[in-house]
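Reader: I am new to this structure. Can you walk me through how to read it?
Author: Gladly. Ask about one feature at a time.

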Amino acid sequence: MLELKYEIYIGGSPEEVWEALVAPHQVRQIYFGSVIHSTFKEGDLLEYIGPGQDGENTLHVFGTVLEFSPQKAFRFTHKVGPSYLKEPDAENYESRISWLLEPVGGTTKLTLIHDNWHKDDPSYQGSQNAWPMILSNIKTLVETGRTLSLG
């Protein structure tokens with residue numbers, strides 16, 4: 001199975017990194033205007049909604065919360081929103097995203113694992129391109145209070 005895995009060290013506490021992953025005012029900055037809609041309870045729906053092809057409330061990604069352990073782990077299933085499917089009846093494959101946080105000295109090691117990909121999932125390439133930008137935005141936001149100007 002395909003897997004995308006990234007590890008970065010961020011000059012901030014696990015609490016600060018966690019806030020960048022879930023707090024609406026910070027998520028909006030790192031995910032290009034999108035915010036998470038969820039109760040964050042295991043088994044409940046999670047949606048990333050924001051500006052896009054379908055207007056201001058485009059559903060970009062949705063899934064099910066698998067684990068929500070503040071400052072430690074955040075896992076959920078991942079499917080793309082309808083506007084990302086090229087054909088109306090296209091298969092919407094499911095993968096899994098895991099955010100793992102670990103304190104290391106005065107920093108936080110942030111590991112992102114995006115796995116359980118179907119070999120035919122067309123969103124793999126887009127995710128492979130987007131994750132380095134998102135991770136860079138998280139690191140920059142926590143360390144400087146702003147994000148990168150990525151266009």
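Author: Start with a single residue. At 34% relative accessibility, Asn116 counts as partly exposed, because that class lies between the buried cut-off of 20% and the exposed cut-off of 50%. The model is predicted, by the way.

Reader: Where in the chain is Asn116 found?
Author: Asn116 is in strand β7, which covers residues 107-117.

Reader: What is the phi of Asn116?
Author: First the general idea. Most residues other than glycine have a negative phi. Now the case here. Asn116 has a phi near 60 degrees, a positive value, and Asn116 is not glycine.

Reader: Which loop holds Gln71, and what is its phi?
Author: Gln71 sits in the loop between β4 and β5. Its phi is near 65 degrees. That is again a positive value in a residue other than glycine.

Reader: How accessible is Gln71?
Author: Gln71 has a relative accessible area of 29%, so it is partly exposed.

Reader: Let me try Lys72. Is it buried or exposed?
Author: The exposed class begins over 50%. Lys72 has a relative accessible area of 57%, so it is exposed. Lys72 lies in the loop between β4 (55-69) and β5 (73-80).

Reader: Which residues is Lys72 in contact with, beyond its neighbours within four places in sequence?
Author: Leave those neighbours aside. Lys72 then contacts Trp18, Trp99, Leu100 and Leu101.

Reader: And Ser34, is it buried or exposed?
Author: Buried means under 20%. Ser34 has a relative accessible area of 4%, so it is buried. Ser34 is in a loop too, between α2 (24-30) and β2 (35-38).

Reader: Which residues does Ser34 contact, leaving aside neighbours within four places in sequence?
Author: On that count, Ser34 is in contact with Val27, Arg28, Ile49, Gly50, Pro51 and His60.

Reader: How do I compare separation in sequence with separation in space?
Author: Take two residues. Count places along the chain, then look at the C-alpha to C-alpha distance. Lys72 and Ser34 are 38 residues apart in sequence and 23 Å apart in space. Now take Leu85 and Ser123, which are also 38 residues apart along the chain. Their C-alpha atoms are separated by 9.1 Å.

Reader: Where does Leu85 lie, and what does it contact beyond four places in sequence?
Author: Leu85 is in the loop between β5 and β6 (95-104). With neighbours within four places set aside, its contacts are Val80, Ala90, Glu91 and Asn92.

Reader: How far apart are Ser13 and Gly105 in sequence and in space?
Author: They are 92 residues apart in sequence. In space, C-alpha to C-alpha, they are 9.5 Å apart. Ser13 lies in the loop between β1 (2-10) and α1. Ser13 is partly exposed, at 25% relative accessibility.

Reader: What about Ala130 and Pro24?
Author: These two are 106 residues apart along the chain, and their C-alpha atoms are separated by 19 Å. Ala130 is found in helix α3. Its relative accessible area is 22%, so Ala130 is partly exposed.

Reader: How do α1 and α3 pack?
Author: To read a helix pair, look at the angle and the distance between the axes. Helix α1 (residues 14-22) and helix α3 (residues 123-144) pack at about 130 degrees, and their axes are 10 Å apart. The two helices are therefore oblique to each other. Their crossing is right-handed.

Reader: Which residues make that contact?
Author: From α1 come Glu16, Val17, Ala20 and Leu21. From α3 come Ile138, Leu141 and Val142. By class, the contact has six nonpolar residues, no polar ones and one charged one.

Reader: Now step back. How many helices and strands does the chain have?
Author: The chain has three helices and seven strands. From the N terminus, the order is β-α-α-β-β-β-β-β-β-α.

Reader: What percentage of the residues is buried?
Author: Buried residues make up 42% of the 151 in the chain.

Reader: And what share of contacts joins residues at least 24 apart?
Author: Count contacts between residues at least 6 apart in sequence. Of these, 49% join residues at least 24 apart.

How values were computed: Residues are numbered from 1 along each chain as its sequence is written. This is a predicted model: local features need pLDDT of at least 70, side-chain atom pairs count only at pLDDT 80 or more; totals for chains, interfaces and linings use all residues. Side-chain values use heavy atoms; hydrogens and water are left out. Axes are lines fitted to C-alpha atoms, for helices over the stretch in contact, and angles run from 0 to 180 degrees between N-to-C directions. Helices (H or I, at least four residues) and strands (E, at least two) are DSSP runs, numbered from the N terminus. Angles under 35 degrees count as roughly parallel, over 145 as roughly antiparallel, 65 to 115 as roughly perpendicular and the rest as oblique. A crossing is left-handed if the near helix is turned anticlockwise from the far one by less than a right angle, and right-handed if clockwise. Contact means heavy atoms within 4.5 Å. Ala, Val, Leu, Ile, Met, Phe, Trp, Tyr, Cys and Pro count as nonpolar, Asp, Glu, Lys and Arg as charged, and the others, Gly among them, as polar. Buried means under 20% relative accessible area, exposed over 50%, partly exposed in between (1.4 Å probe, protein chains only).
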